[in-house]
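This report describes how the parts of one protein chain are arranged and packed. The sequence and structure are shown first.

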Amino acid sequence: MRSTMGILINLAVAVAVLAAIVPGSARAAPADKPSDRPADKPASKRAQFAQLQQVMKKEPNIREVQRATLAYYQLEPERIRAMSTAARIKGLFPEIDAGVDSLLGHNFSSTQDALFPTFDFKERQAASNDQFIWRVRGVWDLSRLVFNPEQLDVKTLNSLQETLIREVTVMYFSRRRVLANLFLSPPEDDEDRFFEELRLEEMTATIDAFTGGKFAERAWSGEMMK
């Protein structure tokens, strides 16, 4: 009898434990659903990042922008090196001085006859003195082979080239940061978004001016986000 009562007590305890576990697990299952939401956010970020990469690939890279800028201002390294070489060997060539002189002269001499004064003249002599002179002179200044002041003028172009490259590079990557913010962390407020897009448009126009109109034709204009 006691063993039967013990069995019944054990069964009652087991049933109570199961009743306590099963409802708890049933309630915990719906709570797991919100855990799916954080997974959506990384997926959205990945999609935005892929879209940003696609946009950046279509735009000119920094090397293309720098080359277009130097070409527009005629400050390519090849051109500057050629100018420096030309200034250095300029002393081998003389300075040419050429001129032309022309002189025209005519002399007339008339002799009257005393026996026949009614005649205009007895004898007339005519002479001309025409001269045509041309000259060419070459002067060498061999001191320019050692040092030509024009080389200093060419060196200033290197400084201008470095300044130009630095300015366009800073502007290029500043624009890329603004572009990345618009894709990855777009402002929720419409006004803030408008000013960010306006800032991006300003940078695009500035880089386009640096490159002589070679940048804006391939730059992103917002069509993929509309």
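## Overall organisation

Of the contacts in the protein with a separation of 6 or more, 77% are between residues 24 or more positions apart. The model under discussion is a predicted one. The protein contains six helices and four strands, and from the N terminus on these elements follow the order α-α-α-α-β-β-β-β-α-α. Of the 226 residues in the protein, 21% are buried.

## Packing of helix 3 against helix 5

Helix 3 (residues 62-72) packs on helix 5 (residues 150-184) at an angle of about 140°, and the two axes lie 10 Å apart. Helix 3 is therefore oblique to helix 5. The crossing of this pair is right-handed.

On the side of helix 3, the contact involves Ile 62, Val 65, Gln 66, Thr 69 and Leu 70. Helix 5 contributes Gln 161, Leu 164, Ile 165, Val 168, Thr 169, Tyr 172 and Phe 173. By residue class, the contact of helix 3 with helix 5 consists of eight nonpolar and four polar residues, with no charged ones.

## Packing of helix 4 against helix 5

Helix 4 also packs on helix 5, here at an angle of about 165° and with the axes 8 Å apart. Helix 4 is therefore roughly antiparallel to helix 5, since an angle over 145 degrees counts as such. This crossing is left-handed.

The residues of helix 4 in the contact are Pro 77, Ile 80, Met 83, Ser 84, Ala 87 and Arg 88. They meet Glu 150, Gln 151, Val 154, Leu 157, Asn 158 and Gln 161 of helix 5. The contact of helix 4 with helix 5 divides into six nonpolar, four polar and two charged residues.

Leu 75 is located in the loop between helix 3 and helix 4. Leu 75 counts as buried because its relative accessibility is 4%, and the cut-off for burial is under 20%. When residues up to four places away in sequence are not counted, Leu 75 touches Leu 70, Ile 80, Leu 157, Leu 160, Gln 161 and Leu 164. Between Leu 75 and Glu 162 there are 87 residues of sequence separation, yet their C-alpha atoms are 9.8 Å apart in space.

Arg 81 belongs to helix 4 (residues 77-88). With a relative accessible area of 52%, Arg 81 is exposed, as the cut-off for that class is over 50%. Arg 81 and Val 154 are 73 residues apart in sequence and 8.7 Å apart in space, taken from C-alpha to C-alpha.

## Nonpolar cores

The largest nonpolar core comprises 14 residues. Within this core, the residues with the most contacts are Val 65, Leu 75, Tyr 172, Ile 207 and Phe 215. Helix 3, helix 5 and helix 6 (190-210) each supply at least two residues of this core. Helix 5 provides the largest share, five residues.

Another core, of eleven residues, lies apart from the largest one. Its members include Leu 52, Val 55, Ala 180 and Leu 200.

Key:
Residues are numbered from 1 along each chain as its sequence is written. This is a predicted model: local features need pLDDT of at least 70, side-chain atom pairs count only at pLDDT 80 or more; totals for chains, interfaces and linings use all residues. Side-chain values use heavy atoms; hydrogens and water are left out. Axes are lines fitted to C-alpha atoms, for helices over the stretch in contact, and angles run from 0 to 180 degrees between N-to-C directions. Angles under 35 degrees count as roughly parallel, over 145 as roughly antiparallel, 65 to 115 as roughly perpendicular and the rest as oblique. A crossing is left-handed if the near helix is turned anticlockwise from the far one by less than a right angle, and right-handed if clockwise. Contact means heavy atoms within 4.5 Å. Ala, Val, Leu, Ile, Met, Phe, Trp, Tyr, Cys and Pro count as nonpolar, Asp, Glu, Lys and Arg as charged, and the others, Gly among them, as polar. A nonpolar core is a set of buried Ala, Val, Leu, Ile, Met, Phe, Trp, Tyr and Cys residues joined through side-chain atoms within 4.5 Å. Buried means under 20% relative accessible area, exposed over 50%, partly exposed in between (1.4 Å probe, protein chains only).
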